[in-house]
Amino acid sequence: MSLLRNKVIVVTGSSSGIGRAIASSCAEQEAVLALHHLGISETEEDVRALKESLPPVLLDGKAVEHLIIGIDLTSDDAADTIIDQTVSAFGRVDALVNNAGICTFSPATSVTKPLLQRHIDVNYTATYLLTQAATQQMIQQRTGGSIVSISSITAVMGHSNLTHYAGTKAAVLGMSKSMAVEFGKHNIRYNCILPGTIQTDMNAAHLAAARTRDLDEALVPLGRLGEPGDVAGVAVFLASDLAKYVNGEQILVDGGAAINYQ
C-alpha cells in the first residue's frame with residue numbers, strides 16, 4: 001500500500017538532515033515532491049543527488065519528475081514562489097512539510113538582537129508565510145490538504161542555551177493550532193512534530209562532547225538518540241489519509257525523553 005500516491009508534497013529544507021529523510025520517505029510512498037533548498041550551490045548539489053536517488057513517480061497515471069526549488073525562505077517572494085512553481089509543475093499542492101530551520105546554541109545572556117531576529121525570520125516568519133500561501137492554494141483547490149510543521153520538544157519543555165530557538169518553535173506550535181481551528185472547515189489539517197534530540201549536522205557540534213552525548217542518551221528510555229528517519233515516518237503518517245481526522249495535534253518524537261522524570 002502506497003500511503004502518498006498521487007499526493008503533491010512540498011518539503012522545505014530537503015537537502016539534508018530531517019528534511020532529506022522526510023523527502024525520501026515520502027518518495028518511497030509514491031508522493032510527487034517539490035524539493036526546496038536554500039538556493040546556494042552546496043544545497044543544490046545535495047538536493048540534485050537526492051532527486052537522482054528517488055524512484056520514478058507517477059501523477060494521475062503519468063510519469064513526472066520531482067521539482068527542485070532553490071530559494072532563501074526569508075526573501076520577500078519565497079512563499080509565493082514555492083507554491084506557484086509547484087502548482088505550475090503539478091497543478092496542485094496536497095501537503096506541505098515546514099521543515100527548514102536554524103538552531104544556534106547560545107547562553108540566553110549572550111543572544112544578540114540580530115541572532116534572535118534571524119531565528120524568528122527563518123523558523124517562524126518564513127514558516128507562517130509559506131503556511132499562509134499553501135492554505136490559500138488549498139482553499140482555492142477545494143480538495144483539503146495537510147500541513148505538517150517541524151516544531152521542537154523545546155516548544156513545550158525548557159532547554160538551556162536555546163531560549164531564542166525555543167520561542168520560535170513554540171510560535172510555530174501556536175500558529176498551527178490556531179490555523180487548525182480557523183481552516184478546519186476547508187478540510188485542511190495542521191499538525192506539528194516535536195522532535196527530541198535527533199542526530200543531524202545542526203547539532204553535531206553540540207553532541208561532539210562525549211559527556212553531552214551521554215547525558216542526552218541517558219534521558220531516553222529507548223536508550224538511543226533519534227535519527228532523521230524517526231521523524232520522517234511520523235511526517236508521512238500526518239501527510240497521508242491515515243491521519244485524515246488528526247488536526248491541531250503535537251506529536252513528540254523523542255524516544256520517551258519527555259516522560260522520563262528521573
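Author: Gladly, with the reminder that this is a predicted model. Let us begin with a strand and its neighbours: β8 and strand β9 (residues 250–253) pair in the parallel sense over four bridges, and within this pairing Pro195 stands opposite Val253 in β9.

Reader: Why is strand β8 called largely enclosed?

Author: A residue is buried when its relative accessible area is under 20%. Eight of the eight residues of β8 (residues 188–195) are buried, so the strand is largely enclosed by the rest of the structure. Both of its faces take part: Ile188, Tyr190, Cys192 and Leu194 point one way, Arg189, Asn191, Ile193 and Pro195 point the other way, and all of these are buried. For the chain of 262 residues, 48% count as buried.

Reader: Why does Asn187 count as partly exposed?

Author: The class of partly exposed residues lies between the buried limit of 20% and the exposed limit of 50%; Asn187 has 49% relative accessibility and therefore counts as partly exposed. Asn187 is found in the loop between α5 and β8, and its phi is positive, about 60°, although it is not a glycine.

Reader: And how do you know that Met1 is exposed?

Author: Exposed means over 50% relative accessible area, and because Met1 has 88%, it is exposed. Met1 belongs to the segment before β1 (8–11), and together with Phe237 and Leu242 it makes a nonpolar surface patch of about 380 Å².

Reader: Finally, what makes the radius of gyration of the chain agree with that of a compact globule?

Author: With 262 residues, a compact globule would have a radius of gyration near 18 Å, and the chain has 18 Å, so the two agree. Along the principal axes, the C-alpha atoms fill a box of roughly 55 × 40 × 35 Å, and the chain has eight helices and nine strands.

Notes:
Residues are numbered from 1 along each chain as its sequence is written. This is a predicted model: local features need pLDDT of at least 70, side-chain atom pairs count only at pLDDT 80 or more; totals for chains, interfaces and linings use all residues. Side-chain values use heavy atoms; hydrogens and water are left out. Buried means under 20% relative accessible area, exposed over 50%, partly exposed in between (1.4 Å probe, protein chains only). Helices (H or I, at least four residues) and strands (E, at least two) are DSSP runs, numbered from the N terminus. Two strands pair if DSSP finds at least two bridges between them. Patches are made of residues with over 30% relative accessible area and no salt bridge: like charges are joined within 9 Å, nonpolar side chains (Val, Leu, Ile, Met, Phe, Trp, Tyr) within 5 Å. Accessible areas come from the Shrake-Rupley method with a 1.4 Å probe; for residues, only the protein chains shown count as cover. A salt bridge is a side-chain nitrogen of Lys or Arg within 4 Å of a carboxyl oxygen of Asp or Glu. The radius of gyration is taken over C-alpha atoms; the globule rule is 2.2 Å times the number of residues to the power 0.38.
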